[in-house]
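Grab a pencil and work through these exercises one at a time. Try each task yourself before you read the solution.

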Amino acid sequence: MIRLYNTLTRKKEDFQTLEPNVVKMYVCGVTVYNDAHVGHAMSAIVFDIIRRYLEYRGYTVRHVMNYTDVDDKIINRANQLGEDPLKLSQRYIEDYANDLKNLNVLPATSNPQVSKTMPLIIEFIQGLIQKEAAYAASNGDVYFSVAEDKDYGKLSGRKLDDMQAGARIEVGEAKNHPMDFALWKAAKPGEISWDSPWGKGRPGWHIECSAMNLAELGEQIDIHGGGNDLIFPHHENEIAQTESYTGKQFSRYWIHNGMLQLGGEKMSKSLGNIVSIKDFLKTRDADVMRMLVLMGSYRAPLIFNDETQDAAEKSLERIKSALRPASPSSSGLSAGSAAELTAQAEATRKSFVEAMDDDFNSPLALASLYELVKAINTARDNGATDSQLEPAQKMLRELTGVFGLQLKEKTGSSENEAKVIALIAERNEARKQKQWARSDELRDQLKAMGVSIEDSKDGTTWRWG
RNA sequence: GGCGUCGUGGCCAAGUGGUAAGGCAAGGGUCUGCAAAACCCUCACCACGGGUUCGAAUCCCGUCGACGCCUCCA
């Protein structure tokens, strides 16, 4: 039984889907107006791991991730660049999709866009007005009426009275209640807009997700996810809109990832402390980003610095070490020892699943993986053959695959490869002659080319990296 | 000011009532011509102060501190 932490109840709960074996999961994507950063990567990876794990446990996952392509910031940026806003956002949609691919994040089942959901959004707003959950104001805006929603604030644990509305946000005079939020914003001159019963305008920030959810997954879904900075107001407002509209519980489970932190602060566009996904991938492997995420709880803040990145990189190296072949002269393990290794593989699978079943406890699941790593390496040291290592290595691949780790060995160019082989042959000759100085010189030379050398009784092996 | 999350070894981090997983780093060792990799060994009483309990990192109260949200934000 999978248990997961539900923001709505602030408790871990047994996971039960609306339909057997199917998970309807909606994850808030990004607003597309510039390069995505590693904080976005964290969120995407968290839900990618959740999705992969649910699939591993036999569920069919309908994974929807939206793109917010109509928004103030997009309009501002488009104005700056003198570009059509929808063209600009489309460009960044493709760009983000590419980033995700490079991070080995599986494509969502569908990626709806606000600009392509306009009729449904308008219909949704009309429905809310009919139910008197919303009202058209004199200025052409349409607002959601929070006072009419008796359980408004249930996700974020806020009460309307406690929120100092207007303290930091300007209260529009057209609003009935200071906390009322816009479903539809009247267009300013020259702004991109769509026709509606309330005149030209565009949707407010929250209604799109409610509408796209409805369009893609129906009135009720299993999991709604996103960064914990979205709990309020975004997700709170989504609940208010959708539940007012359908009269049913919207999402059964709300899952929120913690914030990635750089220098003790949340990484965000507005703070400007940003490392883009592209810049990250220039110097580190995609696996490193994923390992960083796996090392901690998805709900906790993720400390992003050189030290944690180095640690992640080294940990990956260790896992990779277990995937390497047996030594050439291996004489074979006793049948008993080989059976022990296979048993360890199965034990690891069990503890891995047990850990992940408990609210996706990846640090604990990783610990069980290291146990298997150690068993494989010990078996190899003791002379296991490739066929004896195989079941355990296959299991390790299977489980790291659930995490979405690729564990690729580095590669160099093939023209260099011939040179490497020649240098190693030369070095082996030198070693035979006990010309250690020459031998070490050649090793340094290879190292400079990015080649690691390992000598053993059976001769010399090498690899890139 | 309100709401929420949290404070575990040098760093990252699991554990939420029975005497502290794991990874990285560090030190020692096996192996090696020397290395590297791998393997073995060593390395914490859990922010502070009270309380509950036979027993607390784990429950309660208080203090201090950090972070997130209350405005766009993954």
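**Exercise 1. Find the residues that line the largest cavity, then work out where that cavity lies.**

Step 1. List the lining: Val46, Ile49, Ile50, Val293, Leu294, Gly296, Tyr298, Met356, Phe360 and Ser362 line the largest cavity. On a 1 Å grid over the protein atoms alone, a cavity is a set of points where a 1.4 Å probe fits but cannot get out, and a lining residue has an atom within 4 Å of a point.

Before going on, a word on the ground rules. This is a predicted model, in which local features need pLDDT of at least 70 and side-chain atom pairs count only at pLDDT 80 or more, while totals for chains, interfaces and linings use all residues. Residues are numbered from 1 along each chain as its sequence is written, chains are lettered from A and ligands numbered from 1 in the order in which they are written, and side-chain values use heavy atoms, with hydrogens and water left out.

Step 2. Sort the lining by class: eight residues are nonpolar, two are polar and none is charged. Here Ala, Val, Leu, Ile, Met, Phe, Trp, Tyr, Cys and Pro count as nonpolar, Asp, Glu, Lys and Arg as charged, and the others, Gly among them, as polar.

Step 3. Look for the main supplier: α1 gives three residues, the largest share of this lining. Both α1 (38-56) and α8 supply at least two residues each. (Helices are DSSP runs of H or I with at least four residues, strands are runs of E with at least two, and both are numbered from the N terminus.)

Step 4. The domain bounds come from an automatic or database domain assignment.

Step 5. Grid points are joined across faces, edges and corners, and a volume is the space filled by probe spheres set on the points.

**Exercise 2. Classify two aromatic pairs, starting with Phe124 and Tyr245.**

Step 1. For Phe124 and Tyr245, the centres are 4.1 Å apart and the planes make 20°, which is stacked. Phe124 belongs to helix α4 (residues 118-130) and Tyr245 to helix α6 (residues 231-246), 121 residues apart. Phe124 and Tyr245 are both buried (under 20% relative accessible area, with exposed over 50% and partly exposed in between, using a 1.4 Å probe and protein chains only).

Step 2. For Tyr298 and Phe360, the centres are 6.3 Å apart and the planes at 70°, so this pair is edge-to-face. Tyr298 sits in the loop between α8 (286-295) and β13 (302-303), and Phe360 in the loop between α10 (335-357) and α11 (362-381), so the pair ties together parts 62 residues apart in sequence.

Step 3. Tyr298 and Phe360 are both buried. Ring pairs also link Tyr53, Tyr56, Tyr298 and Phe360 into a cluster.

**Exercise 3. Which residues lie nearest the centre of the second largest pocket, and which domains give residues to its lining?**

Step 1. A pocket is an open set of grid points with protein on both sides within 12 Å along at least five of seven lines. The second largest pocket holds about 600 Å³ of space.

Step 2. Of its 24 lining residues, Pro325, Ser327, Arg380, Glu454 and Thr461 lie nearest the centre.

Step 3. Strand β15 gives four residues, the largest share of this lining. By class, the lining of the second largest pocket has five nonpolar, ten polar and nine charged residues.

Step 4. Domain 2 (306-403) and domain 3 (414-464) both give residues to the lining, so the second largest pocket lies between them.

Notes
Phe/Tyr/Trp six-rings, centres within 6.5 Å; stacked < 30°, edge-to-face > 60°.
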